[in-house]
Amino acid sequence: MIAPKPQWSLRLLRWYCHPDFEEDISGDLEELFQQRQQQVGQYKARWLLLRDVLVLCRPEIIGLPHFTYPTNHTAMFRNYFILTWRSLKKSRLYAFINILSLAIAMAVVILIAVFVSYDLSFDEYPPNDGHIYRHTVELVGSDWNSAKSFPGLGPYLLDHYGQVEDFTRIYATPETGSIVTPFPGQAKKFIERQAYYADVNVFDFFSLPLLQGNPDRLLNESNQVMLSATLAEKYFGADWRDKNLLGHTLQLTNFGNKDTKLYTLSGIFQKRPNSHFRPDMILSMSSLPKERWDALDQFNWVEAFTYLQLQPDTDVLLFKNAIDSLLHEITWGKSWLFDCKLQKLSDIHHISHYRDDMEAGADIRLNYFLIGVAIFIMICAWVNFVNMSIAKSLKRAKEVGVRKTLGANRGSIVLQFLLEGFWLNLLSGLLAIMIALLSFPLLDHHGMMIHTSWPLQLWVYGAPQLLPFVLFMAGMILTGTLISGMYPALVLSSYRPISVLRGLQIVQRGRLGLRHSLLTVQFVISALLMIGIFAATSQLNYMLNKDLGFEKEQKLVISTAVNDINSVDNYLLHAQNLKKELQHIQGVKAISTASSVPGLLPGGDLILCRIEKVQLGDPTLEDIFNEGPTPGMVVDAGFFDFYDIELVAGRGFSPETFNDAKLTNQHLLVNEQFAVLNGFDPVESIVGTMVYVQQNKEDGEVFREPREIIGVVENHHQYSVKEAFQPMVFSPEGTTLSAIHFDKKIPHAGSMRYFSLSIPLGENPNQQIKHLINEVETLWQQHLPELAFEYFFLDEAFNRQYEIEIRISKIFSVFGALSIFISCLGLFGLSSYLIQQRTKEIGIRKVLGASLQHLFSLLSTNYIKLVAISSLMAIPIAWWGIHQWLDNYAFRIELQWWFFALPLLALLLIALCTISFRVISAATANPVDSLRYE
């Protein structure tokens, strides 16, 4: 028996040996191996042969490896490109479907990537290296919280705790805004709501780009102001950069129209679009009114946004506990006890949902949802590609057979089909960029996307970058090439030449099952998005049309900027005269004044109450502490009739209430929720109860003002329908819910902060509103010329609370429609191709007497079954997902069976319409055309 040759040693020789020497040397080594095997044994002979092969590895006999051929790579790739081009031309329809579906899917991914990268880049900029935190407070034992903190906390922590490197504070001007006169002495005024007082190092914390000004002299003197570039253009024109504006004087009115100062412009900065702190105007902290300046080192109340820069090795949890202990010690003798939270600066945009934050927090789940949509849509496009490639495999099989017969190996065939996939993905990527560029303005106009000067950039570390976008596109194209091209390449390259050239059947049943499975996955995704569109739209319509407990239609609201007691006397006198004259304007049906309106935070009037509850038949007094500050409003006598808020118990405010100059033993109205939360059942039993409105005065003394509850009004949605009913108290106009005014027994100007006008619209509403606003503005200038005129419509302002839901609904609709469109494109292409393969079968059936209905059923039943199965699979997933989403809403729709049936029926009809054209054209074709060559 001849021993086997040591193949691996000889293979090594063939690898390094020059072809001219390889045959002779290998022959000699094999002969020597046979001799040694007989002398020393097979095992030792193998090792000696390996030694000889290694010794022979010398420069004079080393050559090109035996399997290496000189290849013209340029010609090879050119040939592959020509083959790809011919294949696309030969199957124009299917190439168009593949390219279009891939391009649309990639365009969606581009849009989502830009949006998500922007949203996740909030407050990600130097020097924010992860060690800057915002200090917020929560009231122990209640759900009340604030994004602000004690003004004196930052300096105290810096002096007493080594973990703090630095701090900065930001003091917001009143929510009613600041009145700015860019050119003192002129009548033109503006109300600015994004104006803040700040410490001198605020630019170090937020890295606001400075456009004009000296970095070493920013905000370091009293009465200095800095403007954003947006405000500079608003005040001084588009050519403001060409003007020397530093040192210009502006007039600002804050905290009431008696506190008017002249400010010197010391710099102009650029706002960061992706920051929670986006000021239009920054004032030096030393410019604060005296009462605020004196309170900067106090712990009386939360008034300033406080940011701390901690040491890199700080244990944040331990430091938070230390601050909690400090706050408990400081506030122990008061009526409230505070805990704190330290929010990482880069997390504020997504986790902060405080009632008095600088901006409404975003929901990071929207990003997860968008990423899921992008993945789903790309899967649909890749499924189309794979399905079409599998369906075309029979035709391409002959091509593969011929190429293998001519010497092509499997690796070269795989490479060819991968390159085909690459060219298709590359072409789709370029088309996707064009689609995205054209879509950006449209989506931005409808509030679904952001606008940048060059949209196709990813946001990295707080700034838009082009290189990451290029790498992202390259990665998406290569990933698409591998995912959508690898399986067809492996399948097509595996065919045996003899089978395909003899015309044997090569499409296995497993391949058909895979194609159907991919189509099912595609339509499951489409069904999920279809149901999601229906649910999101239904919830949005429910919120927009739900009975709010008050009437918000045809209400024009005029707001003022008065927020201080210094101007009360003059303001109230002029405001009351203005109110009388507004009632006589033609087109004004009714008028009401209050400290706030439904849909807005109740004017900052948050009170703590203690209630004397007298049980019937029991003289014992029970002192019940209301959980946290209760929102309060100061309203006139006609407020509840004006907004159609019903009185359910007791009585409303009488004229005598408003004429009581002593303002002692004042009256209050409460809503039903207030009574329920405080244990009064039925709610009527709270009428006659005494409430002690409690707050700390400036010197820390606890002050209680007695009020009698004289009535209960129906619950109404002061905030959006997303939230549960809130407890509320209502005080008569001319009184106050602010502790600093209790002992002064004087009325509060904020009680007439908002003028609400009911304006029934006629046949020409636009002209009527324009004329009415002109008349109102004229009267405003006569009575309150020192205040800027500002108005809004209540229904529009209230509905702005649903911006996130509106955006989600729009995104669902657009991207869901695109997903269905891509799925239908794939279904159309696949059905067209397979029907084309069955042309002769259809011709024979028609010759044998098959009817149009029979042929239609034969050709479409399979696809309808797949869509139906997909729909059934989507129902439990959609039911679970929608339930999770609806749990975020206090008031929500109830899921009904038709929430699933209608979208799925619509999807089934869309799929049926998609294939009907090709099915009917094939079923009605002349059989002679398909059988003439048989």
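**Close-up 1. Tyr-643 is a buried residue in a predicted model.** The relative accessible area of Tyr-643 is 0%, under the 20% cut-off for a buried residue. Phe-550 is buried as well, with a relative accessible area of 6%.

**Close-up 2. Phe-550 and Tyr-643 form an edge-to-face aromatic pair.** A search of the whole structure finds 28 aromatic pairs. In the pair of Phe-550 and Tyr-643, the ring centres are 6.3 Å apart and the planes make an angle of 75°. Phe-550 lies in the loop between α17 (509–545) and β16 (555–559). Tyr-643 lies in the loop between α19 (639–642) and β21 (647–650). The pair therefore ties together parts that are 93 residues apart in sequence.

**Close-up 3. Phe-550 and Tyr-643 belong to one aromatic cluster.**

**Close-up 4. Lys-546 lies over the face of Phe-891.** The distance from Lys-546 to the ring centre of Phe-891 is 4.7 Å.

**Close-up 5. Tyr-368, Ile-371, Ile-375 and Phe-376 make a nonpolar surface patch.** The area of the patch is about 380 Å². One of its residues, Ile-371, lies in helix α12, which spans residues 364–391. Ile-371 has a relative accessible area of 37% and therefore counts as partly exposed, the class between under 20% (buried) and over 50% (exposed).

Technical notes. Residues numbered from 1 in each chain as written. Predicted model: local features only at pLDDT ≥ 70, side-chain atom pairs only at ≥ 80, totals over all residues. Heavy atoms only, no water. Patch = residues over 30% accessible without salt bridge, like charges linked within 9 Å, V, L, I, M, F, W, Y side chains within 5 Å. Areas by Shrake-Rupley, 256 points an atom, 1.4 Å probe, with all protein chains shown as cover. Salt bridge = Lys/Arg side-chain N within 4 Å of Asp/Glu carboxyl O. Helix = DSSP H or I, 4+ residues; strand = E, 2+ residues; numbered from the N terminus. Buried < 20%, exposed > 50% of the residue type's maximum accessible area, 1.4 Å probe, protein only. Phe/Tyr/Trp six-rings, centres within 6.5 Å; stacked < 30°, edge-to-face > 60°. Lys NZ or Arg CZ within 6 Å of the ring centre and 35° of its normal.
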